[in-house]
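Me: Please take a close look at one part of this model for me. I would like to know what surrounds it and how it sits in the fold.

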Amino acid sequence: MNARITWTQYPVELVDQLEQAAIGASKVVEPILKGTPGFRGGYWMADRSNGLMVGLTFWDSMDGINAYEAATAEMRASVSQGQPQQTVGHYEIYDQILP
């Protein structure tokens with residue numbers, strides 16, 4: 001299994017507004033995610049104390065991550081104009097602990 005993590009740093013005072021915008025954008029992103037082979041779920045988080053917002057998605061393989069990134073490249077580029085720099089990481093999950 002693989003994970004894709006996106007970190008974006010925003011001013012603290014914008015977190016509530018950005019959270020609402022992200023929830024609205026999920027109407028567009030959710031069908032793309034669910035339609036991409038290998039998608040296994042995700043979490044979107046905010047640290048309200050410092051403005052850091054994180055997206056974490058899980059995938060069967062890097063092929064799914066690459067397909068998602070290709071399908072959303074234009075949309076992500078247009079949304080990110082004028083926004084803080086995002087850091088994206090791709091990770092292979094080698095172990096897990098479940099309840």
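Reply: Leu52 touches Trp7, Thr8, Gln9, Met45, Ala46 and Asp47, leaving aside residues up to four places away in sequence. Keep in mind that this is a predicted model. Leu52 belongs to strand S3, which covers residues 52-59. Is Leu52 buried, exposed or partly exposed? Its relative accessible area is 25%. Buried means under 20%, and exposed means over 50%, so Leu52 counts as partly exposed.

Now look at distance. Leu52 and Ile32 are 20 residues apart in sequence. In space, their C-alpha atoms are 24 Å apart.

Thr72 and Leu33 are 39 residues apart along the chain, and their C-alpha atoms are separated by 9.5 Å. Thr72 lies in helix H2, residues 62-80. Its relative accessibility is 0%, so Thr72 is buried.

In one of them, the ring centres of Tyr43 and Phe58 are 6.3 Å apart. Their planes meet at 85°. Planes over 60 degrees apart count as edge-to-face, so this pair is edge-to-face. The pair links distant parts of the chain: Tyr43 is in strand S2 (residues 39-47), while Phe58 is in strand S3, 15 residues apart. Tyr43 is exposed, with a relative accessible area of 53%. There is also an aromatic cluster, formed by Phe39, Trp59 and Tyr68.

Conventions: Residues numbered from 1 in each chain as written. Predicted model: local features only at pLDDT ≥ 70, side-chain atom pairs only at ≥ 80, totals over all residues. Heavy atoms only, no water. Helix = DSSP H or I, 4+ residues; strand = E, 2+ residues; numbered from the N terminus. Buried < 20%, exposed > 50% of the residue type's maximum accessible area, 1.4 Å probe, protein only. Contact = heavy atoms within 4.5 Å. Phe/Tyr/Trp six-rings, centres within 6.5 Å; stacked < 30°, edge-to-face > 60°.
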